[in-house]
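These are my notebook entries on a look through one structure. I set down what I looked up, entry by entry.

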Amino acid sequence: MAKLYFKYGAMGSSKTAQALITKFNYEERNMTVWLIKPSADTRDGADIIKSRIGLAEKAHIIAPDTNIREEFDRHGHTDVIITDEANFFTPEQIDQLRDIVDELNIPVLCFGLRTDFLTHTFPGSQRLLELADSITEIKTICSCGSKAVVNARISPEGKVITEGSQVMLGGNESYVAMCHRCWKKAIREQSVVK
């Protein structure tokens, strides 16, 4: 039986690299992969998925109003669906991916963030946590050596940002993976008047 997988981690945990390696592994076995990403992710080009280590592939773009199940039916035969930045999908789109698993017996592997820069769950990630058959954390570390769980948004001056919209695209220049203790400490130290 096919499953819906959610593989999440903090920024810098190599989620995208693992998604692209997984795609390669399926294709090496002559299996067809439908690689998709939400249209919100335009950092490396509208239809490009690119990892920090340089792996890159073209992907099918999914807009927030796209019915993934209908798009899949138009796409044609596929052995597996791999998504990057699944946190940006709507809860309804996650339900559509679940339907593909249940009704068509096609495995769906979703890679993405669990929470935003304020540790709030993304709507797509919340739905994946509710529906996925398999949930796996892809771990990375904080500069202190502890497991990183927070995607700290950083200002150009190096300060931790604690307000703003949930979605702001960026990479290493805008986000740092931190453990919760270091994140809270940085916020506390910033608020102290010197």
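**Entry 1: cysteines**

I counted zero disulfides, taking a disulfide as a pair of cysteine sulfur atoms within 2.5 Å. Cys142 is in no disulfide, and the nearest cysteine sulfur, that of Cys182, is 3.7 Å away. I note that this is a predicted model, in which local features need pLDDT of at least 70 and side-chain atom pairs count only at pLDDT 80 or more, while totals for chains, interfaces and linings use all residues. Residues are numbered from 1 along each chain as its sequence is written, and side-chain values use heavy atoms, with hydrogens and water left out.

I then looked up burial (buried is under 20% relative accessible area, exposed over 50%, partly exposed in between, with a 1.4 Å probe and protein chains only). Cys142 has 4% relative accessibility and therefore counts as buried. Cys110 is also buried, at a relative accessible area of 0%.

**Entry 2: helices α2 and α3**

I took helices as DSSP runs of H or I with at least four residues, and strands as runs of E with at least two, numbered from the N terminus. Helix α2 covers residues 68-75 and helix α3 residues 91-104; they pack at an angle of about 50°, with their axes 8 Å apart. The axes are lines fitted to C-alpha atoms, for helices over the stretch in contact, and angles run from 0 to 180 degrees between N-to-C directions. The two helices are therefore oblique to each other; angles under 35 degrees count as roughly parallel, over 145 as roughly antiparallel, 65 to 115 as roughly perpendicular and the rest as oblique.

Which residues of α2 meet α3? I found Ile68, Arg69, Phe72 and Asp73 of α2 against Gln93, Gln96, Leu97, Asp99, Ile100, Glu103 and Leu104 of α3, where contact means heavy atoms within 4.5 Å.

Within α3, I list Gln93, Ile94, Gln96, Leu97, Arg98, Ile100 and Val101 as the buried residues. After α3 comes Asn105, with a positive phi near 60°.

I placed Thr16 in helix α1, residues 15-28. Thr16 is buried, with a relative accessible area of 12%. Leaving aside residues up to four places away in sequence, Thr16 touches Ile49, Lys50, Ser51 and Asp84.

Thr22 is found in helix α1 as well, and is buried at a relative accessible area of 18%. With residues up to four places away in sequence not counted, Thr22 touches Ile82, Leu109 and Phe111.
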